[in-house]
Amino acid sequence: MFRKITFLFLVSLTTVSFAQRIKIDKKKLEFLKNETKIAVKLTFPEDLIIYSLHPEKEFIENMKQKYGKIDKQKGVKWFETYELAKKETWRDAFIKGVSERLKKYSDLEFVPSNEETNYTLVVEADWIYTGYGGKANVGREEGKLEATLRFVKTDQPDSYIYSTQAPKVIGNYAYGEFGDIERIRECYNKLGYLLELQLKRILK
């Protein structure tokens, strides 16, 4: 019975890993072998949908009201934390996800977009689901993310070298003062990890 359970568990892991695999073109990404740094920039289109069917502006107002019901300053703090996440926190989580294992076999680094690089990886959010729940295991759900990855020349950002649609990424569960923001951070971290798995085929 134990062996059967173990087998089913391993099969489920393989299925999830395959389902979340990022498709890449090895020939078009050959240029990465000659680089030491790739900048990372996160973008969010004006028509971005968050949670279920909410445009981002509506989502922001809903969350500010939710957190500001008891203490208006907490609603303000949530918005400041959310804006920082879009600029830095989620980007840094992505970089960590792609770099942790990459550095073991390659000199290539992914860095914030304020550093000088020949190429930039633009990570554009297509859809975000924040998940829900707290510390308890019951009644909670991980965040989810759909994104497009575009490699561009840093000095020619409108002309991309290679673009790929990432699968729907399911992040690890997280909670905290603003659990919705934390769970999306985990999605970006997972996205970075999934990209590293494919880059290994080129760089190792």
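Predicted model: local features only at pLDDT ≥ 70, side-chain atom pairs only at ≥ 80, totals over all residues.

Student: How many helices and strands does the protein have?

Tutor: There are four helices and eight strands. These are DSSP runs numbered from the N terminus, with helices (H or I) of at least four residues and strands (E) of at least two. Along the sequence, the pattern reads α-β-β-β-α-α-β-β-β-β-β-α.

Student: And what percentage of the residues is buried?

Tutor: Of the 204 residues in the protein, 43% are buried. Buried means under 20% relative accessible area, exposed means over 50%, and partly exposed lies in between, with a 1.4 Å probe and protein chains only.

Student: How many cavities of 30 Å³ or more are there?

Tutor: The count comes to one cavity of 30 Å³ or more. On a 1 Å grid over the protein atoms alone, a cavity is a set of points where a 1.4 Å probe fits but cannot get out; a pocket is an open set with protein on both sides within 12 Å along at least five of seven lines; and lining residues have an atom within 4 Å of a point. The largest cavity holds about 40 Å³ of space, a volume being the space filled by probe spheres set on the points, which are joined across faces, edges and corners.

Student: Which residues line the largest cavity?

Tutor: The lining consists of Ile50, Phe59, Trp78, Tyr82, Trp90, Ile128, Thr130, Asp180, Ile181 and Ile184. Helices α3 (72-102) and α4 (179-203) each supply at least two residues of this lining. By class, the lining of the largest cavity has eight nonpolar residues, one polar and one charged. Here Ala, Val, Leu, Ile, Met, Phe, Trp, Tyr, Cys and Pro count as nonpolar, Asp, Glu, Lys and Arg as charged, and the others, Gly among them, as polar.

Student: How do α3 and α4 pack, then?

Tutor: Helices α3 and α4 pack at an angle of about 25°, with their axes 7 Å apart. That makes α3 roughly parallel to α4. The contact of α3 with α4 has 16 nonpolar, five polar and five charged residues. Angles under 35 degrees count as roughly parallel, over 145 as roughly antiparallel, 65 to 115 as roughly perpendicular and the rest as oblique. The axes are lines fitted to C-alpha atoms, for helices over the stretch in contact, and angles run from 0 to 180 degrees between N-to-C directions.

Student: What about α2 and α3: at what angle do they pack?

Tutor: For α2 and α3 the angle is about 140°, and their axes are 6 Å apart. These two helices are therefore oblique to each other.

Student: Changing topic, how much space lies in the largest pocket?

Tutor: The largest pocket contains about 290 Å³ of space. It is lined by 18 residues, of which Met63, Lys66, Thr130, Gly131 and Asp180 are the closest to its centre. Helices α2 (56-68) and α4 are the elements that give two or more residues to this lining.

Student: Which element gives the largest share of that lining?

Tutor: The largest share, five residues, comes from α2. In the lining of the largest pocket, six residues are nonpolar, eight polar and four charged.

Student: Is Glu61 buried, partly exposed or exposed?

Tutor: Glu61, in helix α2, is partly exposed, with a relative accessible area of 39%. Its C-alpha atom is separated by 9.1 Å from that of Phe79, 18 residues apart along the chain.

Student: And Gly179: buried or exposed?

Tutor: Gly179 belongs to helix α4 and is buried, at a relative accessible area of 8%. Gly179 and Gly134 are 45 residues apart along the chain, and their C-alpha atoms are separated by 7.6 Å.

Student: Where is Asn34 found?

Tutor: Asn34 lies in the loop between α1 (2-19) and β1 (37-43). Asn34 counts as exposed because its relative accessibility is 67%. From C-alpha to C-alpha, Asn34 and Leu108 are 8.7 Å apart in space, although 74 residues apart in sequence.

Student: Why does Glu46 count as exposed?

Tutor: Glu46 has 83% relative accessibility and therefore counts as exposed. Its place is in the loop between β1 and β2 (49-50).

Conventions
Residues numbered from 1 in each chain as written. Heavy atoms only, no water.
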